[in-house]
Structure formats: structure tokens, C-alpha cells
Amino acid sequence: MSRTASRRGRRLLAAVALTTAVLAGAGGVGCTGGGATSPRKADARPDGGDAPGEMTDAGGPDGMADVGGPGSPAGPGAGERADGSGTDGPGDGTGLADPPDPGTYDAQPCAGTPAGGADPAGRSPIVTGPQVWSFVSAPQLRPMRVSVSALRPGTAPGQIFLAPYSGSTVVGQTGALILGDGGDPVWFRPLPSAGLQNAGFTVQNWHDPRSGAAEPVLTWWQGSIVLPSPGGDGSGRVAASGPVGRAEPGGCYYVYDSSYRLRRTVTARNGFHADQHEFLLTSRGTALFLASRAEPADLRPYGGPADGAILNSEVQEVDLATGALVFSWNVREHVDPADSEVPAAQAWTTGGLWDPYHLNSIDEGPDGQLLVSSRNMSAVYAVDRAAGDIRWQLGGRRGDFTFGAEADFSWQHDVRWRPDGRIGLFDNGCCGPAGQRPQRQSRGVVLRLDAERRTATLDRSYYHRPALSSASQGNLQALSNGNEFVGWGQQQFYSEYAGAGNGPGDGARSLRYDARMPGENVSYRVLRHEWVGTPHYPPSLAVRRDGGQSVAYASWNGSTLTRAWQVLAGPDPGSLGVVVEHAMRTGFETAVGTADVGPYFQVRALDAERTVLSASAVVRLDG
């Protein structure tokens, strides 16, 4: 390695360390939510959860300003004025954010977890090396590098949306990440701590029920998830924190517009805590989501301790304009916990907390039905929204349907209505309490339901090669061209298949795309969407001398329209001239060389028509 490269590496490492220190020390306003009037009486029992603590969110375009970047990380966050106004108030489940002032970034915190660089188990993320991206113009961004093993004709249009984290040592920063098919980052919003996670990162439509207008937005959950203890016995249990996969109190949901401005934060109500598993925007101008809380219970009738607790879950719906809770459905009121596939003996090793339900998806269907998935029941419930009754149950110990060959499932995720009486889901097929062997390899499944005859038959399935057994998480997404996208949950892969699917022994047939995350990184869901991002902040620029030329490093985190860069230089900021007319964009960051010595430089982002989209700040090249 040359001395120049070595010095550059040291500068990058110092920038990352400085970013972590600044973010750890910054303060802000947390997501708060008080009680609102509910259609049913709120449970009067205390949930025992702590109020969300204050936590700085790296957020914004880059997480921290750099030369030519969006500004100082010490400024007020999106939706937070310098005097502290404009933030969520008590009793409001949503927060409306004003556009940030120039020179600020989104410092809106959300979860009460430590702000250090390590996760709660003390494991620091890997932020250098070949498995991590690094950028001269944005040294504070260190997203993971993925390996693409298959990219064949016939993939659906769009980018890939994921939120990496790890149950061991995370490679790169945690956060919300958009990737191109080749693995190059499009947008990254890093979190200041490996103890924070994002989940359910996706594109949805924000509906205005008064005008009927809709606009695409980004949504995700942010908080802290109970992860396996390092050096544990592999049983999926954590002694004091509760069952693995539980959302810690203090999380909430984010909504960003296409310019990456914070539109809303949403919290759970009635003493429940926002859950990472589901957040849906509806055409009614509401948000449907899952919420959970620990409720004290005598577990002796189920085989657990007398002074235990049940992790209960609710489907909640909040009006985004008013913050009012307009609907809730409590699973404990309708499903007997004794039907769980997870024995109450779990509570002896998880701090007294039993997780018999573990709701993990909601979908709205015909006739006001909600499709609710319960992982730990291995069951799916069709819920009558008006009456709250369960119309039918698919799977589980009290299922109403008879399964055809290869149609049964277990420990499932991401259950969705499909046309013509079908549903799609990710069948984990694996793995129950400690010591259980996997029942089958994991797969994506589309089932055909006959509601009158109460039969479920296999329509098509999607397997990976090599075979995967994923104990948790995962998704199956129907794409616009008829393909299916599979996030393999606890495994590091994500894949795209032609619609016809494949069999368990032929995972390569119909495969169109396959990629793998580094290390033991995973993402709760991985999805494909078409997204147009137009950042409200300017491009970033750094300039270095390299031999006999000046090199401009240009990037614009989140811009999907930038196709080329124009470089300007001059002896002072007021007399810049174009020195490179048109340099094609080569990835997240483009390096453009010029013989001009400046010492002042600026770059302009150009679209496909060579129209100027935005310009960076003017940067001085020293030395």
C-alpha cells in the first residue's frame, strides 16, 4: 500500500470514529405516544414498559455532514425547530415534521437504547475491509457489500430494499439501505449504534383520503431487537431480555417522502410498544401495525412460572392526520395461548416472559377481512374487522383447513392475499424450541384456498440451492412482471424467481437473481421496488491531489436521477468555470480527474438530458 493510500485510510477511519462520537453525544426528541380514545376499552393493567429514552438517530442524507454535505449533525432534527417546537406532543401517536432548515439533518430519535458503537452484547461493527463500502466524499457511510452470484435476464424493474443487522457481529453499519442489482448503494441511512436496528424497510403509498391523491414514501420500523447472547447454547433464548426477536420498548415507525424528508413518526397506543414486524399505510389515510406488550400472568397452568408474563400482541390502526387510534384487535382475547407451538417452559429461561403468539404480518383482504399471521402458533387467522371474530384459521392446532400434498407450513412469515382465492407466504419450515430438527427446508409458497370445502392446495413454491433452513424472518413478494422475490430471513440470501417456481431438488430452475449479505448479516425482509429519489440536500464533494492532477470525488446519497457529473474549478469561489463538461456516473461515488489546480471546486449533478439537478457546496483543495 502506498503512503498516500495509507494516510487516506487513516483519515477515513478517523472520520468514522468521529461520526460515532458525535452521534453518541448528540441529543434530541424521542418518539412519544400517549393515550387516545379507542373503539374498545383500553386494558387497565400496567405493561411495565419504560418510556422511550432519548437516542440520536443518524438519519438524514448521510448521517453526518461532510464537505459539501447536508450540514452539521449538531443542528435540530427534521421536525424539530431550534426552540424545540414542532415535535410530537403528548397524546399524539404521530408526529408531523416540517421540512428541515438548510444545514440540518434528521436527528429524530426513536428508541431508548445506548448510543455507543457496539450492540448491547458489546460487539462492535466491522466498518473496514473488503466487505464494507467506503467513500471519500461520504466517509461516514459504511454500508455492507453484498455478493451477487446470479443476475439473469428477466428480473423485474426496481431497486432492492433491505435493513441489515446481525445476531453476532454486524458487517458495516446497521440502517436502511437501497441497493442496485449489482450491489452498489443507492441510498443509505446509517444508525449510530449496532444496538439499533431497522426492519420492514419498504416503499408504500401515502394516501390523502380527502383528495384521493397518493405519493410514494419510504417506511420502516426503528428500535432495538432482542438478539442471541454471544457464546450461548444456540437455543434462541436470552436470560433477562426475553425471547429472541422481541422488540424492546421504545421503537416506532418512520415515514419519509421521496426527497428523504421525515413526514411522520408513529407510535403504538394503549401501553403497547411498536413492533418491527408490520407497518401498512392504507388508502383511508391510516396506518395498520403490530404492537406488543408483556402482561403479568400465572403460567403454571401452561407449564411455566407462577410470576411469569405473556407477550401479548395487538393489531392497531392510527389515523395519520389526527393520531387517533381507530381500530384495535387483541390476539389474547381471541386465541388460547395453550395452542402455541412454543411451550410456556420458555419463560424459565427468558426472564419469565412467554411468547405464545409472535404475530408477524397483517394484510387487508376482501370483505373487511384482515389476514393475521402468528408464527408461534404456526397459524394464519382471517379476522372479521367489524366484529373482531376469527372467520377461519389456516394451520396450527385448531386449523379449519385440510392440506393437500406439500401445502402445510410452519413458523411462517409475510402472509399476503393473492388474487383468485390464493395466499402467499414464506414457509420457514424450521425451527421450533431447542433440540427440534428442521421439519423441511425453507421456501416461498403460494397456496390455493377453497373456503367452502376448507381445503388448501399447493399452487407453486420457491426453493433455494443450496437448501436453506431459516429459523426466523423472511418474505415472499409478488413482483410487477409476475416474478417472485424471496428474502431468506435468518439466512444471508435474497433471490428472485420466474413466476412458475421450482421444486425442492431444483432450486436453480427459474432463478433470475441471487445475492448474499456478508458475514452473518441478515434483514427481516428484503424487497424489490421501483423508487425515484430526489434528495432535498445537495451532493457531496471531496477533492484530493493525486500525482499531477486534482481528483473530484462526487456522490449524492439517494439520487436516482443522476447520470453524470460536471466539475467546476477556479482560483476563488466567485470565478468558477467548467473544467469537466460531462463525466458519466460510475456508481455511488464517481472520481473525476482534471489537470486544473483550482484550488476551489464544485460539482453539478446532471440527469439523462444533461439538465443540472443540483450543485455541491464549493470546496477548497488545500495542499
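The report begins with the confidence of the model and then turns to its pocket, its cavities and selected residues.

**Basis and confidence**

This is a predicted model, in which local features need a pLDDT of at least 70 and side-chain atom pairs count only at pLDDT 80 or more, while totals for chains, interfaces and linings use all residues. Residues are numbered from 1 along each chain as its sequence is written, and side-chain values use heavy atoms, with hydrogens and water left out. The chain has a mean pLDDT (the predictor's confidence in each residue, from 0 to 100) of 82, and 77% of its residues reach 70 or more. Over residues 1-30 the pLDDT is below 50, and this stretch has 36 contacts in the model beyond near neighbours in sequence, a contact meaning heavy atoms within 4.5 Å. The pLDDT is also below 50 over residues 231-240, a stretch with 17 contacts beyond near neighbours in sequence.

**Pocket and cavities**

Rolling a probe the size of a water molecule over the atoms shows where empty space is left. On a 1 Å grid over the protein atoms alone, a cavity is a set of points where a 1.4 Å probe fits but cannot get out, whereas a pocket is an open set with protein on both sides within 12 Å along at least five of seven lines; lining residues have an atom within 4 Å of a point. Grid points are joined across faces, edges and corners, and a volume is the space filled by probe spheres set on the points.

The second largest pocket has a volume of about 730 Å³. Its lining comprises 35 residues, of which Thr202, Val203, Arg416, Gln477 and His529 lie nearest the centre. The elements that give two or more residues to this lining are strands S7 (197-207), S8 (214-223), S11 (273-281), S16 (359-364), S21 (413-418), S25 (475-478) and S30 (527-529); here helices (H or I, at least four residues) and strands (E, at least two) are DSSP runs, numbered from the N terminus. The largest share, 7 residues, comes from S7.

The whole structure holds 5 cavities of 30 Å³ or more, and the largest cavity contains about 70 Å³ of space. Among the residues that line the largest cavity are Arg246, Asp275, His277, Asp355 and His358, and S11 and strand S13 (308-319) each supply at least two residues of that lining.

**Backbone sites**

Most residues other than glycine have a negative phi, and most peptide bonds are trans. Asn270, although not a glycine, has a positive phi of about 55°, and its place is in the loop between strand S10 (262-266) and S11. His358, which is one of the residues lining the largest cavity, likewise has a positive phi of about 55° and lies in the loop between strand S15 (353-354) and S16. Asn270 counts as buried because its relative accessibility is 12%, where buried means under 20% relative accessible area, exposed over 50%, and partly exposed in between (1.4 Å probe, protein chains only). His358 is also buried, with a relative accessible area of 12%.

A cis peptide bond with omega of about 5° joins Arg465 and Pro466, and Pro466 lies in the loop between strand S24 (455-462) and S25. Another cis peptide bond, with omega of about 15°, joins Gly598 and Pro599, the latter in the loop between strand S35 (589-594) and strand S36 (600-606).

**Individual residues**

Ser258, in the loop between strand S9 (252-256) and S10, counts as partly exposed because its relative accessibility is 22%. The C-alpha atoms of Ser258 and Gly533 are separated by 5.1 Å, although the two residues are 275 residues apart along the chain.

Thr562, in the loop between strand S32 (549-555) and strand S33 (564-570), counts as buried at 3% relative accessibility. Its side chain is joined to that of Ser559 by a polar contact of 2.7 Å, a polar contact being a pair of N or O atoms within 3.5 Å, of which, within protein, one must be able to donate a hydrogen and the other to accept it, and residues adjacent in sequence count only if both atoms are side-chain atoms.
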